[in-house]
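Dear colleague,

Please find below the structure that I am handing over to you. My notes on what was found in it follow directly after.

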Amino acid sequence: MANKSKKTNVAKRDVFKWTERMDDAFIDALVYQQKLGNRVDNVFTTAAYDNMLKELREKIGMPFQKDHLKNRLKSLKNNFKECFDLFSGVSGFAWSPETKMFSGKPEAWKAFVKAKPEAKKWMTTQIAHYDKLVLLFAKERTKSNGDNNAKQKAGQLATSGSGRYFDGNDKQNEVTLHLDLEDLNEINDGTSQLATPVEANSQSDSQAHSESATSLKGKKRMAPRVDMFEREFKNIREAIKDVADAIREGNIIVERGRPHVYTEQEVFAELVKIGVERHLRYKAYTFLIANAGRVRAFFGCPAGERKEFLLQMMYSPEES
């Protein structure tokens, strides 16, 4: 009998449905508890969960349990992770709090989806409260991605024979010091040629002491030059970074100076938002995107009057 009761409780937890109102309250509670310091090493404390349970039960009026909050937190984090990893560092896209979607120009979407097919679903999929989820999870994701990239680079350096590593995304910002046998011999001015493994094996034991002494002198002479190269490469990296920052800032200024061009996704999302009936929605969508001037006029109206203005445009004698 006890086992049956336990299974019933598990089933009830599994079918616990989260609404938009519940998510609104829960995410706000998460942000607030984090501000209070009730999150240590990216883990919310017991006190945080107790406070959130009390708050949500009072606001929503439902019997929330700790497992409900933990499971929903995991779902929110996974959803954010997918979005953040896709769009982080990618130019040409922005999340809109009005549509709750990522928006971008058609040509940007086309190139992005071609490079990353998994991004296609986000052309029409909403992710609410992305700005607040950034406050909660972005730092954790950035660190995780950084650790993974570092491990990947370390692994490739360890397995590569040349010691070079170039990432496709940061070739201009990544400068790696590479010294092979020929480079070291040139640094030593030819006075201390480094033997290859075959030559080393062929030399007699009587020469070991002499070579050791010569090698030690060569290393002493080489050290200042290696330091000089490292300083020069550091200066090059900093100069490249300054140029990249200047280009990025220039692009931002140019983008701000251009009038916003609404995408088809933004138009359709706005029709849904203002409550255009389904049987009229597709007709209204086709009507608007056929003329860029109509789109600008539509979004130029106050949000509360857009639906009435749209119907007037569609059915006025001037447009018929």
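The secondary structure of the protein consists of 13 helices and four strands. Please keep in mind throughout that this is a predicted model. Of the 320 residues in the protein, 28% are buried. Where contacts join residues at least 6 apart in sequence, 58% of them link residues at least 24 apart.

Helix 11 (residues 278-289) packs against helix 12 (residues 292-300) at an angle of about 115°, and their axes are 6 Å apart. Helix 11 and helix 12 are therefore roughly perpendicular to each other. On the side of helix 11, the residues involved are Phe287, Leu288 and Ile289, which meet Arg294, Val295 and Phe298 of helix 12. Sorted by class, this contact of helix 11 with helix 12 comprises five nonpolar residues, no polar residues and one charged residue.

Helix 12 also packs against helix 13 (residues 306-315), where the axes come within 9 Å and cross at roughly 150°. Because angles over 145 degrees count as roughly antiparallel, helix 12 is roughly antiparallel to helix 13. Helix 12 contributes Arg294, Ala297, Phe298 and Phe299 to the contact, while helix 13 contributes Arg306, Phe309, Leu310 and Met313. The residues of this contact divide into six nonpolar, no polar and two charged.

Trp95 lies in strand 3 (residues 93-96) and counts as buried, because its relative accessibility is 18%. Apart from neighbours within four places in sequence, Trp95 is in contact with Lys100, Met101, Phe102, Ile127, Ala128, His129, Tyr130 and Asp131. One of these, Ile127, is 32 residues away from Trp95 in sequence, and the C-alpha atoms of the two are 8.9 Å apart in space. The side chain of Trp95 reaches the backbone oxygen of Ile127 at 3.0 Å.

His129, another of the residues in contact with Trp95, is found in the loop between helix 5 (106-115) and helix 6 (130-159). The phi of His129 is near 60°, a positive value in a residue other than glycine. His129 is buried, with a relative accessible area of 19%.

Asp41 likewise has a positive phi, of about 55°, although it is not a glycine. Asp41 is located in the loop between strand 1 and strand 2 (43-44). Is Asp41 buried or exposed? With a relative accessible area of 70%, Asp41 is exposed.

Asn38 occupies the loop between helix 2 (20-35) and strand 1 (39-40). Asn38 is buried, at a relative accessible area of 17%. Its side chain makes a polar contact with the side chain of Gln33, at 2.7 Å. Beyond neighbours within four places in sequence, Asn38 is in contact with Gln33, Val43, Phe44, Thr45, Ala48 and Asn51.

Finally, there is the matter of the cysteines. A search of the whole structure finds zero disulfides. Cys83 is buried, with a relative accessible area of 0%, and Cys301 is buried too, with a value of 16%.

With kind regards

Conventions:
Residues are numbered from 1 along each chain as its sequence is written. This is a predicted model: local features need pLDDT of at least 70, side-chain atom pairs count only at pLDDT 80 or more; totals for chains, interfaces and linings use all residues. Side-chain values use heavy atoms; hydrogens and water are left out. Helices (H or I, at least four residues) and strands (E, at least two) are DSSP runs, numbered from the N terminus. Buried means under 20% relative accessible area, exposed over 50%, partly exposed in between (1.4 Å probe, protein chains only). Contact means heavy atoms within 4.5 Å. A polar contact is a pair of N or O atoms within 3.5 Å; within protein, one must be able to donate a hydrogen and the other to accept it, and residues adjacent in sequence count only if both atoms are side-chain atoms. Axes are lines fitted to C-alpha atoms, for helices over the stretch in contact, and angles run from 0 to 180 degrees between N-to-C directions. Angles under 35 degrees count as roughly parallel, over 145 as roughly antiparallel, 65 to 115 as roughly perpendicular and the rest as oblique. Ala, Val, Leu, Ile, Met, Phe, Trp, Tyr, Cys and Pro count as nonpolar, Asp, Glu, Lys and Arg as charged, and the others, Gly among them, as polar. A disulfide is a pair of cysteine sulfur atoms within 2.5 Å.
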